[in-house]
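Hi,

Here's the structure I promised to pass on.

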Amino acid sequence: MQQIRDTKDLKLMANTIRQDIITMLSESGSGHTAGSLGMADIFTALYFKFLNIDPKRPRSQDRDVLILSNGHICPVQYACLARAGFFPLEELKTLRKIGSRLQGHPHRETLPGIETTSGPLGSGISQGCGMALADRLDKRKRKIYIITSDGEHDEGNTWEAIMFAVKYHLDITVIIDRNRIQIGGDTEKVMPLRSLKKKYRSFGWKVIETQGNDMDQIIWAVKKAEKMEGPRMILAHTVPGKGVKSIEGNYQWHGKAPSQQEAQQFLEELEKERFRIIAEKK
Ligand SMILES: Cc1ncc(C[n+]2csc(CCOP(=O)(O)OP(=O)(O)O)c2C)c(N)n1
Ligand SMILES: [Mg+2]
């Protein structure tokens, strides 16, 4: 697949992805806006710079794997897959419609490019561990990235996988969307997670901390993770709703879609940001 080398072009792609997310969600009338917007920069970097994938061969044996554990933010993944050529852009408008391949949570069997079915939270790291073990048995070398959320760290299965990955020294990269919100509010009020960095390190993981909405920092963090061996985690501090000021930081946008009228305003805001990026020096 054609990769985007230039950081400015990656920023522009992330802006396009954000516009797709707003359009899709307002069209469907339901879905998860905050997490999808907040993760647009990381998904853009992975899909358009780092992953070895081919839209013409979505099940090829040597492809890299991206597991989306917190499946509710799939609009960001659908937008990236469509822009990368896995299915027609037009199909984005079918999000959450009956009979669509773009369900509210991703389904592995129906949509090319989706590696695991998710929606029930807390399974992605376990699934990635299984794939990494299978790769070892098959003597297959490829990258496995697992995107998970802070809210998923309220779940036992997540911590079982964190221990398991260390025992078997598995080559996996976990990226945590540390946006500090979940469905019911502030993560630290619902179930305090405190320092995920210290927790992972004490379990035996390598940890890289980064700003998850800064393209240069994301690239730095993923490059650093690529050079490591064994289980490593990128703790990505993100702003939920990033790119639309009235959504940023507001947990009430966790599972809400913009109305047609709101979408119009949000798209204008994102278009202004696009011009700002274009005017940036390289
Ligand atoms: C096993 C399971 N329990 C509960 C839910 C309902 N649920 C959906 S999203 C969510 C919040 C998860 O937190 P996070 O992923 O951090 O949310 P975000 O940052 O995207 O707002 C919950 C509890 C679920 N999908 N699966
Ligand atoms: Mg969260």
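**Around the ligand**

Ligand 1 has 19 residues surrounding it, and the closest are G35, S149, G151, Q182 and H254 (near means that the C-beta atom, placed from the backbone, lies within 6 Å of the molecule). Two elements give two or more residues to this shell: α2 (34-38) and β4 (181-182). Helices (H or I, at least four residues) and strands (E, at least two) are DSSP runs, numbered from the N terminus. By class, the shell has 7 nonpolar, 10 polar and 2 charged residues; Ala, Val, Leu, Ile, Met, Phe, Trp, Tyr, Cys and Pro count as nonpolar, Asp, Glu, Lys and Arg as charged, and the others, Gly among them, as polar.

Before you go on: this is a predicted model, where local features need pLDDT of at least 70, side-chain atom pairs count only at pLDDT 80 or more, and totals for chains, interfaces and linings use all residues. Residues are numbered from 1 along each chain as its sequence is written, while chains are lettered from A and ligands numbered from 1 in the order in which they are written.

**Two enclosed helices**

Helix α4 (residues 74-83) has 9 of its 10 residues buried, so it is largely enclosed by the rest of the structure. (Buried means 20 or more other C-beta atoms within 10 Å of the residue's own, exposed 12 or fewer, and partly exposed in between, with C-beta atoms placed from the backbone.) Its cover includes α1 (7-28), α2, α3 (40-50) and β1 (65-68). For α3, 11 of the 11 residues are buried, so that helix is largely enclosed too.

V76, one of the buried residues of α4, touches I17, I21, S36, M39, A40 and F43, leaving out residues up to four places away in sequence (contact means C-beta atoms, placed from the backbone, within 7 Å). V76 is also among the residues with the most contacts inside the largest nonpolar core, which has 74 residues. Such a core is a set of buried Ala, Val, Leu, Ile, Met, Phe, Trp, Tyr and Cys residues joined through C-beta atoms within 7 Å.

**A loop glycine**

Now find G113, in the loop between α4 and α5 (124-138). Is G113 buried or exposed? It's buried, with 22 other C-beta atoms within 10 Å. Apart from neighbours within four places in sequence, G113 is in contact with P58, L81 and F86. G113 and I53 are 60 residues apart in sequence, yet 8.6 Å apart in space, C-alpha to C-alpha.

Cheers
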